[in-house]
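Welcome! Take a look at the model below, and then let us walk through some of its parts together.

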Amino acid sequence: MTKTAAEARYTGNLREMLKVYLVMGSPNCGGRDPAAVLQAAIEGGVTLFQFREKGPGALQGQERTELGNRLLGVCRQAGIPFIVNDDLRLAEELEADGIHVGQEDLAQWDREGLRQRFKGRILGISAHDPAEAREAVRCGADYLGAGPMYATATKPDARAVQGPGMIAAMRAGGISLPLVGIGGITPEGAASVLAAGADGVAVISAISGADDPREAARRFSRPFRR
Ligand code: 3NM
């Protein structure tokens, strides 16, 4: 069967794509154009992007869709996959390469329903302990976002800090799925997350809020350069 353009884009190695995973929306960019921030971050080494338009001042409706479309264009141009956070309809409308959902969103779906709806696309699921990781695996996740690694001001309703040890516990418990750590990760903090068994790091503020997003992304990508 012929793949659609969106499906063809991420047939590569998901573990490779997860190395430096930028997550953001307009509220995270300090008043700058998110497309310019994304472009700079990709030039610095971002390997995957998630559009997460949440928090104070987040765009709604048509404006949100239009921004998503522009950021999708930046990703397509650069050849990196574009994932949408939570909003299943937006992901479909934009023909995104995948969707990322939290445990709360998961509760609204029967396990097969979500996987079926995003068949052939990347499905990422958040997990905050090994039991949630196992549940995400049962739901057919392609990768897990494990957090919060460190204290974060970006997600006010984040759970208690788990630390990189949680990733080590997931790996020890047999979770072999591609996995990123998330939450308060800086270039300095990334090393312990990777050492614990993560394939990469998912980052909002340390890249999108940096004075120089290109340089910030470069620092995150350094451990992967040989
Ligand atoms: N999810 P920053 S922590 C979106 O623990 C998100 O599941 C988390 O932002 C989780 O890199 C988090 O600025 C916020 O700390 C990450």
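Is Lys155 buried, exposed or partly exposed? Lys155 counts as partly exposed because it has 17 C-beta neighbours inside 10 Å. By the rule used here, a residue is buried if 20 or more other C-beta atoms, placed from the backbone, lie within 10 Å of its own, exposed if 12 or fewer, and partly exposed in between.

## About the model

This is a predicted model, in which local features need pLDDT of at least 70 and side-chain atom pairs count only at pLDDT 80 or more, while totals for chains, interfaces and linings use all residues. Residues are numbered from 1 along each chain as its sequence is written.

## The annotated binding site

Lys155 sits in the loop between β6 (143-146) and α9 (165-172). Helices (H or I, at least four residues) and strands (E, at least two) are DSSP runs, numbered from the N terminus. An unreviewed UniProt entry includes Lys155 in its "binding site" annotation, together with Gln50, Phe51, Arg52, Glu53, Lys54, Asn85 and Ser126. UniProt positions follow the numbering used here, feature names are shortened, and annotations may be inferred rather than shown by experiment.

Lys54, another residue of that annotation, lies in the loop between β2 (48-51) and α4 (61-78). Lys54 counts as partly exposed because it has 18 C-beta neighbours inside 10 Å.

## The barrel

Now for the strands: 8 of them close into a barrel, in the order β1-β2-β3-β4-β5-β6-β7-β8, with parallel pairing. Two strands pair if DSSP finds at least two bridges between them. On average, neighbouring strands of this sheet are turned by 25° against each other, direction ignored.

Follow β5 (residues 122-127) to see the pairing up close. It pairs in the parallel sense with β4 (residues 98-101) over 4 bridges, and Gly124 in β5 is the bridge partner of His100. Another 4 bridges join β5 to β6, also running parallel, where Tyr143 in β6 is the bridge partner of Gly124. Both faces of β6 are covered: Tyr143 and Gly145 are buried on one side, and Leu144 and Ala146 are buried on the other.

## A pair of helices

Helix α3 (residues 34-44) packs against α4 at an angle of about 20°, with the axes 10 Å apart. Axes are lines fitted to C-alpha atoms, for helices over the stretch in contact, and angles run from 0 to 180 degrees between N-to-C directions. That makes α3 roughly parallel to α4 (angles under 35 degrees count as roughly parallel, over 145 as roughly antiparallel, 65 to 115 as roughly perpendicular and the rest as oblique).
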